[in-house]
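User: I am new to this structure and would like to learn how to read it. Could you take me through some features, giving the general idea and then the case here?

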Amino acid sequence: MRSSDVSGRFLVGLALLGFGVENILFSRYIVARIAPWPPNDPSAQMIVGYATAAVFVASGIAFLTGRFVRLAGLASAALILGYSIVLHWPVAFAGPAWSGDWTNVLKAATLSAGALGVAVADGRPMPSLLSSLRALAPYAAGAFFLLAGIQHFMFADFVATLVPPFIPGARVWTYVAGVALLAAGIGLWTPRFRQVAALLTSAMVFSWVFLVHVPLVFRVGRAEWMGVVEALGISGVCLALALWPEPTARHRL
């Protein structure tokens, strides 16, 4: 794996490690703002949180050290997507079309696709199924950014409150960010512009870690650490998307 490819893997690995730590701190599974499960049973939630934390911490360490990356990526991708299908999807389909529940569905899909993509971007032959799933990653991420961009205009009043007070013109930056997110989604869906769109989007989301999410931690409390970790992960996914080489080895069935 090239040194440039390691950058995306490193950021995704940090996010996976962060998800594990958050699950422990919150005593439940919390990736992509998912509702507590099982409901009304804190003891069971804690057991689930700690068990899934072990998977994320192990996967994060594997990504950071470069050992057992494929196994770790597949395990974390299956966990994130599977949990989202069971708990996010029913709520999202039952609710409004542009709700935050759909944001969480697409966020989980993006993180899952990114973890899988990093896992199989090591130059080794891929089963055709994994190759096909990896090919879906830019479209999952693109859908997430398109929805986020639309929501920046639909819910501009709320989004403006997330801009730190030390940045003037909160409403203007809300619209600028909305346009940038829409451009990111379109770029990720367009193979010709995918690499540059993924690189620019990775840099944009990474900057928001420090410009938006970390300041929000001090304003709204520890729950916003979820935003910090998610932004790191999504930035890493975009960087990985930009740096993934096309597989040259023959795919195996």
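User: Let's start with Ala137: is this residue buried or exposed?

Analyst: The general idea is relative accessible area, taken with a 1.4 Å probe on protein chains only: buried means under 20%, exposed over 50%, and partly exposed in between. Ala137 is buried because its relative accessible area is 2%. The residue lies in helix H5; helices here are DSSP runs (H or I, at least four residues), as strands are (E, at least two), numbered from the N terminus.

User: Before we go on, what kind of model am I looking at?

Analyst: This is a predicted model, in which local features need pLDDT of at least 70, side-chain atom pairs count only at pLDDT 80 or more, and totals for chains, interfaces and linings use all residues. Residues are numbered from 1 along each chain as its sequence is written, and side-chain values use heavy atoms, with hydrogens and water left out.

User: What is the mean pLDDT of the chain, and where is confidence lowest and highest?

Analyst: pLDDT is the predictor's confidence in each residue, from 0 to 100. The chain has a mean of 90, and 93% of its residues reach 70 or more. Confidence is lowest in helix H1 (residues 3-26), with a mean of 88, and highest in helix H7 (residues 170-189), at 97. Over residues 247-253 the pLDDT is below 50, and this stretch has 13 contacts in the model beyond near neighbours in sequence. Contact here means heavy atoms within 4.5 Å.

User: How do I read the packing of two helices, and at what angle do H4 and H5 pack?

Analyst: Axes are lines fitted to C-alpha atoms, for helices over the stretch in contact, and angles run from 0 to 180 degrees between N-to-C directions. Helix H4 (residues 100-120) packs with helix H5 (residues 128-154) at an angle of about 145°, and their axes are 8 Å apart. Their crossing is left-handed: the near helix is turned anticlockwise from the far one by less than a right angle, where clockwise would be right-handed.

User: Which residues make that contact?

Analyst: Among them are Leu106, Lys107, Ala109 and Ala113 of H4, and Leu133, Ala137, Ala141 and Phe144 of H5. The residues of this contact divide into 14 nonpolar, 5 polar and 2 charged. In this scheme Ala, Val, Leu, Ile, Met, Phe, Trp, Tyr, Cys and Pro count as nonpolar, Asp, Glu, Lys and Arg as charged, and the others, Gly among them, as polar.

User: Let's look at H4 in detail. Is Lys107 buried or exposed?

Analyst: Lys107 is buried, with a relative accessible area of 9%. Leaving aside neighbours within four places in sequence, Lys107 is in contact with Ala32, Arg33, Phe144, Glu230 and Ile234. Lys107 and Ala141 are 34 residues apart in sequence, and their C-alpha atoms are 7.7 Å apart in space.

User: And what about Ala113 and Ser112?

Analyst: Ala113 counts as buried because its relative accessibility is 13%. From Ala113 to Ala141 there are 8.2 Å, C-alpha to C-alpha, and 28 residues in sequence. Ser112, also found in helix H4, is buried at 5%. Setting aside neighbours within four places in sequence, Ser112 is in contact with Ala77, Ile80 and Leu81.

User: How can I check the length of a helix such as H2?

Analyst: The expected span is 1.5 Å times one less than the number of residues. Helix H2 (residues 42-65) has 24 residues and so should span 34 Å, which agrees with its end C-alpha atoms being 34 Å apart. The buried residues of H2 include Val48, Thr52, Phe56 and Phe63. Just after H2, Gly66 takes a positive phi of about 75°.

User: What should I look for in the loop between H1 and H2?

Analyst: Look at the backbone angles. Pro38 has its place in this loop, and a cis peptide bond joins Trp37 and Pro38, with omega about -5°. Ser27, in the loop between H1 and H2, has a positive phi near 60° while being a residue other than glycine. Asn40 is in that loop too, with a positive phi of about 60° although it is not a glycine. Ser27 counts as partly exposed at 24% relative accessibility, whereas Asn40 counts as exposed at 80%.
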